[in-house]
Amino acid sequence: MVKHIILWTLKAELSDAEKESVKKGIKEGLEALKGKIPGLVDIKVNATGRLGSSNADLMLDSTFESAEALAGYSKHPEHVAVADGKVRPYTASRSCLDFEIN
């Protein structure tokens, strides 16, 4: 099993209302991929409850059957559509941590 964790910071020029809308769209778009991509075991987006000590706006926490499944996800057309339509246009930075779990 492989964990795929992403932290995003949204663009500073977005208003608070826009940020809330963007976070909702990212959450809905990515979580809707469950059951549609081979090897994707679980996918959750934490977009609320952020404490002031945070330096990221939202987090993707996903689990895959294998590194190969993660690689397939990254190229899967439904994932690419969400990333290109709901994530990349609104994010200023992205940090990724992928690791094997037992």
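## A polar contact at T91

Let's start with a single side chain. A polar atom in the side chain of T91 lies 3.2 Å from the backbone oxygen of V87. Keep in mind that this is a predicted model.

Is T91 buried or exposed? With a relative accessible area of 14%, T91 counts as buried, because the cut-off for that class is under 20%. Leaving aside residues up to four places away in sequence, T91 touches W8, T9, L10 and K11.

## From T91 to its strand

T91 has its place in strand β4. There, T91 is the bridge partner of L10, a residue that T91 also touches.

Which strand pairs with β4, and in what sense? The partner is β1, made up of residues 2-10, and the two strands run antiparallel over 9 bridges.

## The sheet as a whole

Stepping back, we find an open sheet of 4 strands with antiparallel pairing, in the order β2-β3-β1-β4. Its edge strands are β2 (40-46) and β4 (91-100), each of which pairs on one side only. So much for β4, the strand that holds T91. On average, neighbouring strands of the sheet are turned by 15° against each other, with direction ignored.

## The helix on the sheet

Which helix packs on this sheet, and which strands does it touch? Helix α1, spanning residues 16-31, packs there and touches β1, β2 and β3 (58-64).

Note on methods
Residues are numbered from 1 along each chain as its sequence is written. This is a predicted model: local features need pLDDT of at least 70, side-chain atom pairs count only at pLDDT 80 or more; totals for chains, interfaces and linings use all residues. Side-chain values use heavy atoms; hydrogens and water are left out. Two strands pair if DSSP finds at least two bridges between them. Axes are lines fitted to C-alpha atoms, for helices over the stretch in contact, and angles run from 0 to 180 degrees between N-to-C directions. Contact means heavy atoms within 4.5 Å. Buried means under 20% relative accessible area, exposed over 50%, partly exposed in between (1.4 Å probe, protein chains only). A polar contact is a pair of N or O atoms within 3.5 Å; within protein, one must be able to donate a hydrogen and the other to accept it, and residues adjacent in sequence count only if both atoms are side-chain atoms.
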